[in-house]
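Please walk me through this structure. Start with the terms, then the charges, then the fold as a whole.

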Amino acid sequence: MTATLFSLTFAVAAPFWALMILLPRWSWTARIIASPLIVLPVVAIYALLVLPAFGDVLPAVASPTLAGVRDLLGTSDGAAAGWAHMIAFDLFVGRWAWLDSRERGVPALVMAPVLVLTILLGPLGLAAYLVVRTRWRPPTAATGPQHLG
């Protein structure tokens with residue numbers, strides 16, 4: 001079952017990545033990616049892997065040591081859970097970057113490699129987007145600040 005859940009983890013996230021990278025201007029992409037619930041399938045897989053081993057997982061994460069985390073992740077169940085953890089957070093970060101980039105007007109051709117980097121090496125993709133987003137400012141209100149008086 002662990003191998004199946006491991007294989008399903010990216011499979012359930014991939015359609016959302018495909019929408020953001022390959023169909024960024026499609027109206028349904030914006031509707032679908034707007035929901036933070038897109039990560040729930042991966043979260044469900046993570047829960048299926050972690051909850052049965054919660055007694056072993058909690059001490060390892062509550063008071064982490066290198067050896068304890070190595071031992072936890074050094075099993076098939078631990079590696080699959082770690083993978084689901086990474087995929088869920090990478091997708092959430094990718095979703096945030098995609099939504100933020102749309103508000104700022106970052107071109108889709110700039111975002112595609114950033115999103116691929118986020119899929120492959122999550123934190124480096126986040127760092128790349130944090131650099132990219134400095135080049136595009138968020139839109140300002142068309143009428144400026146309103147003064148009451």
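Buried means under 20% relative accessible area, exposed means over 50%, and partly exposed lies in between, with a 1.4 Å probe and protein chains only as the basis. By that rule Arg-104 is buried, at 14% relative accessibility.

This is a predicted model, in which local features need pLDDT of at least 70, side-chain atom pairs count only at pLDDT 80 or more, and totals for chains, interfaces and linings use all residues. Residues are numbered from 1 along each chain as its sequence is written, and side-chain values use heavy atoms, with hydrogens and water left out.

Take the fold next. Helices (H or I, at least four residues) and strands (E, at least two) are DSSP runs, numbered from the N terminus. The protein chain has eight helices and zero strands. Its pattern along the sequence reads α-α-α-α-α-α-α-α.

Now the overall dimensions. The C-alpha trace spans about 60 × 35 × 25 Å along its principal axes. The protein chain has a radius of gyration of 19 Å, whereas a compact globule of 149 residues would have one near 15 Å. That radius is taken over C-alpha atoms, and the globule rule is 2.2 Å times the number of residues to the power 0.38.

Of the 149 residues, 31% count as buried. The protein chain exposes about 9300 Å², and carbon and sulfur atoms supply 71% of that area. Accessible areas come from the Shrake-Rupley method with a 1.4 Å probe; for residues, only the protein chains shown count as cover. A contact means heavy atoms within 4.5 Å. Among contacts with a separation of 6 or more, 73% join residues 24 or more positions apart.

What of the charges? Lys and Arg count as positive, Asp and Glu as negative; His and the chain ends are not counted. Each charge is placed at NZ of Lys, CZ of Arg, CG of Asp or CD of Glu. The protein chain has 9 positive and 6 negative charges, and their mean positions are 20 Å apart.

How many salt bridges does the structure hold? There are three. A salt bridge here is a side-chain nitrogen of Lys or Arg within 4 Å of a carboxyl oxygen of Asp or Glu.

Begin with Asp-100. Its side chain meets that of Arg-104 in a salt bridge, 2.8 Å from N to O. Both residues sit in helix H6 (residues 76-104), four residues apart, so about one helical turn separates them. Asp-100 also forms a salt bridge with Arg-133, with the closest N and O atoms 2.9 Å apart. Asp-100 lies in helix H6 and Arg-133 in the segment after helix H8 (122-132), so this pair ties together parts that are 33 residues apart in sequence. Is Asp-100 buried or exposed? Asp-100 is buried, at a relative accessible area of 10%. Arg-133 is partly exposed, at 21%.

Turn to the remaining pair. Arg-70 forms a salt bridge with Asp-71, with the closest N and O atoms 3.3 Å apart. Arg-70 is exposed, with a relative accessible area of 53%.

Asp-90 lies in helix H6. Asp-90 is buried yet has no salt bridge. Its nearest side chain of opposite charge, Arg-95, is 14 Å away. Which residues does Asp-90 touch, not counting residues up to four places away in sequence? They are Trp-17, Thr-118, Ile-119 and Gly-122.

Stay with helix H6 for Met-86. Met-86 is partly exposed, at 43% relative accessibility. Met-86 and Thr-75 are eleven residues apart in sequence, and their C-alpha atoms lie 16 Å apart in space.

Two valines complete the tour. Val-116 is found in helix H7 (residues 108-120). Val-116 counts as partly exposed, at 36% relative accessibility. Its C-alpha atom is separated by 9.1 Å from that of Gly-94, 22 residues away along the chain.

Val-50 is found in helix H3 (residues 40-50). Val-50 is buried, at 8% relative accessibility. Not counting residues up to four places away in sequence, Val-50 touches Val-57 and Ala-81.
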